[in-house]
Amino acid sequence: MNKTTITTRKEKIISFLWQHLLLLLSLNLMTLGVVLCIKSSLGSSVISSLPFVFSLAGATSQVPAWTIGGYTIAMNFVLVFCQILILRRKFDPMQLFQLVIGFVFGWLIDLNMWLTSGLACTTLPAQLLAQFVGCTIMGIGIAFEVRCGSVTMPGEGISIAVSQVVGRPFAKVKILIDTVLVLLAIAGCYLFFGHWLWNVIGLGTLFAMVYVGLVVKFAAPCLGWFDRLLDYTPGFRRYLFGLARLLYRRGNVKN
């Protein structure tokens, strides 16, 4: 193995780590947006509506007392399993990385719930502001996540799988999947509590279904700078190589 091959491999590894560090930051933005929507009490986002219902039911001991993030992780695992059932042999094993993304997404929801534990939206203006800011941050985070070009989120993965099988456009299938998740959350409200929970499925949920997509649409053309950030410069690469060599040499000196 020559020096050029080793250098190329190092560059690929560093590029992969840098790409997924930016993906982690993107997921954090998305989950912060999700949490702000929950805090607004006007209606959670689509992706968190069903886990939200189950977490509330868990507080009354009707189901396991997991957090919203915990139930989000479980839901993401189910969505990946459904993709395997739908695609069967056509399922790309690389898409199992969605399990990692789904786990991190749920964990970040719980982290941001803890970080915003002191945030209380007790007035309508505060609720409206939290919902608006949350949906905006979520949309920007989604635009970043898509730009990172890694494995998709399980929610998008299931839509892609169904789209491939039924031969329908992804956008229409995505709307269908989102609608099913909301309907399941509504069914959960009646199953566990006997009535509609407007703080879970409310006008804010409808607003999020429309507005988040618009944010992604308008933010996407403005992310040229993010593309340049993904394609880091040789100077940054040399810095990382130099730092790695320094740490390696210090380790050898101590030994």
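Reply: Happy to! Contact here means heavy atoms within 4.5 Å. This is a predicted model, where local features need pLDDT of at least 70, side-chain atom pairs count only at pLDDT 80 or more, and totals for chains, interfaces and linings use all residues. Residues are numbered from 1 along each chain as its sequence is written, and side-chain values use heavy atoms, with hydrogens and water left out.

Me: Which residues does Ser48 touch, not counting residues up to four places away in sequence?

Reply: Ser48 sits in helix α2 (residues 46–59); helices are DSSP runs of H or I with at least four residues, numbered from the N terminus. Leaving out residues up to four places away in sequence, Ser48 touches Val34 and Ile38.

Me: Is Ser48 buried or exposed?

Reply: Buried means under 20% relative accessible area, exposed over 50%, and partly exposed in between (1.4 Å probe, protein chains only). The relative accessibility of Ser48 is 0%, so Ser48 counts as buried.

Me: And Ser117, buried or exposed?

Reply: Ser117 lies in the loop between α4 (97–115) and α5 (124–148). Its relative accessible area is 53%, so Ser117 is exposed.

Me: How are α3 and α4 oriented to each other, roughly parallel or antiparallel?

Reply: The axes, lines fitted to C-alpha atoms over the stretch in contact, have angles from 0 to 180 degrees between N-to-C directions. Those of α3 (residues 68–87) and α4 come within 8 Å and cross at roughly 165°. Angles under 35 degrees count as roughly parallel, over 145 as roughly antiparallel, 65 to 115 as roughly perpendicular and the rest as oblique. α3 and α4 are therefore roughly antiparallel.

Conventions: Helices (H or I, at least four residues) and strands (E, at least two) are DSSP runs, numbered from the N terminus.
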